[in-house]
Amino acid sequence: LFVKYEGPYLPGRICTVQKTRFEVIIPGDAISVPLSGALKSQKMYPVVGDFVVILNQPESATRMIVAILPRRTVLSRGGAGDYSGKQELAANIDTVFIVTEPGSDMSISRLERYLLITRSSGAQPVIVINKSDTCSDIPTLVKMINSEIRDIPVIPVSATEKTGLDHLNPYFDSGKTVIFIGSSGVGKSTLTNALTGKTLQTTGEIREDDGKGRHTTTVRHLLTLPDGSSLIDTPGLREIRIWTAGESVAETFDDIIEYATRCRFTDCSHNNEPGCAVRKAIEDGVLSHDRFTRYQKILKEISFEREKADIGL
Ligand code: GDP
Ligand code: ZN
């Protein structure tokens, strides 16, 4: 991953964000370092997955992060491209596995929400149906998802039976970074363990000196796998908010946006205006009413979340 470089600067990648320090993977090691005063005063804070530059001067006992490299992708609760560290959850992810399971968690609108978040991050979304061992008709389930959500790979697996996992391999190429997101209990940890062949709790632990002679144990949030890929596992992802993803609504519901351009009124709400092309598409049976309802629901949530954000909730 890194070219060996001798000199006062080291390349590194953030694997854990702590209160005031950052755990960084450097060539052949992992170290805990603070942020330079310059970055702090500019309110530039790295997140898990960020590539950084470390100033390394052992003779003066100086070791700190002096730069954050530009992010290829950023998974965020707020606008992307901000380095304040408040909205961003992880950076430089190639593939986001949106994990779900057959049964009650299986909801197209929930999948669509995760898709919005993924798309606005810049990463590639892949839908993973875990616990496929608990469903007797996986092909029908996959077909249903494919008909509602277009152009996204849908991969059924079972983490406990270890079936279908091979189909995830292409996304774990050397140098690639992946993450599992989805509701609690769908099997993200079990999947991670099945794919890494280890348990996160033991491989992810780092012991560190807290400066007062005690050793504290934290769980690392970016794991480097034997094949050279990296897996991000950050707890904060559970609280992902939907309003982050405004721009990608257009991408996810491109068909509806397209119909809307043909409405008589440019500000058509598609409720009861005359000459509404969206309602006509539903009447003609080319647009599913459910899909339109989900679109409206998401728009409503986005404006609600934006209002809350504006008044500082
Ligand atoms: P997480 O909250 O998403 O990390 O979910 P966990 O990995 O903790 O899994 C929640 C529960 O689902 C555990 O009891 C797992 O044993 C179970 N589980 C995970 N994967 C599978 C699977 O492929 N099939 C079945 N039947 N159960 C699974
Ligand atoms: Zn309309």
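A salt bridge is taken here as a side-chain nitrogen of Lys or Arg within 4 Å of a carboxyl oxygen of Asp or Glu. This is a predicted model, in which local features need pLDDT of at least 70 and side-chain atom pairs count only at pLDDT 80 or more, while totals for chains, interfaces and linings use all residues. Residues are numbered from 1 along each chain as its sequence is written, chains are lettered from A and ligands numbered from 1 in the order in which they are written, and side-chain values use heavy atoms, with hydrogens and water left out.

**Stop 1: Asp255 and Arg150**

Select aspartate 255 and arginine 150, which form a salt bridge with their closest N and O atoms 3.8 Å apart. Aspartate 255 belongs to helix H7 (residues 254-260), whereas arginine 150 is in the loop between H3 and strand E10 (154-156), so the pair ties together parts that are 105 residues apart in sequence. Helices (H or I, at least four residues) and strands (E, at least two) are DSSP runs, numbered from the N terminus. Aspartate 255 is buried at a relative accessible area of 19%, and arginine 150 is partly exposed at 37%. Buried means under 20% relative accessible area, exposed over 50%, and partly exposed in between (1.4 Å probe, protein chains only).

**Stop 2**

How many salt bridges does the rule give? The count comes to eleven. One of them joins the side chains of arginine 72 and aspartate 94, at 2.9 Å from N to O. Arginine 72 is in the loop between E5 and strand E6 (74-76) and aspartate 94 in the loop between strand E7 (88-91) and strand E8 (95-100); the two residues are 22 apart, and the pair links distant parts of the chain. Aspartate 94 is buried, with a relative accessible area of 16%.

Next, select glutamate 101 and lysine 131, whose side chains meet in a salt bridge of 2.8 Å, N to O. Glutamate 101 lies in the loop between E8 and helix H2 (108-121), and lysine 131 in the loop between strand E9 (124-129) and helix H3 (138-148), so this pair ties together parts 30 residues apart in sequence. Glutamate 101 counts as buried at 15% relative accessibility, whereas lysine 131 is partly exposed at 27%.

**Stop 2: the aromatic cluster**

Display Phe97, Tyr171, Phe172 and Phe180, which form one aromatic cluster. The structure holds five aromatic pairs. Rings of Phe, Tyr and Trp (its six-membered ring) pair if their centres lie within 6.5 Å; planes under 30 degrees apart count as stacked, over 60 as edge-to-face and the rest as tilted. The rings of phenylalanine 97 and tyrosine 171 have centres 5.7 Å apart and planes at 90°, so the pair is edge-to-face. Phenylalanine 97 is in strand E8 and tyrosine 171 in the loop between E10 and strand E11 (177-181), 74 residues apart. Are these two residues buried or exposed? Phenylalanine 97 is buried, with a relative accessible area of 0%, and tyrosine 171 counts as buried at 16%.

**Stop 3: the open sheet**

Switch to a cartoon view and find the open sheet of five strands, with the order E3-E2-E1-E4-E5 and antiparallel pairing. Two strands pair if DSSP finds at least two bridges between them. Strand E3 (29-34) and strand E5 (62-68) stand at the edges with a single partner strand each, so one side of each has no neighbour in the sheet.

Strand E4 (residues 51-57) is joined to E5 by six bridges, the two running antiparallel. Select glutamine 57 opposite threonine 62 in E5, then valine 53 opposite alanine 67 in E5. The hairpin of E4 and E5 has four residues between the strands, and there alanine 61 takes a positive phi near 55°. E4 also pairs with strand E1 (residues 9-17), in the antiparallel sense over five bridges; the bridge partner of arginine 13 in E4 is phenylalanine 51. Five of the seven residues of E4 are buried, so this strand is largely enclosed by the rest of the structure.

**Stop 4**

Histidine 270 and cysteine 276 are buried.
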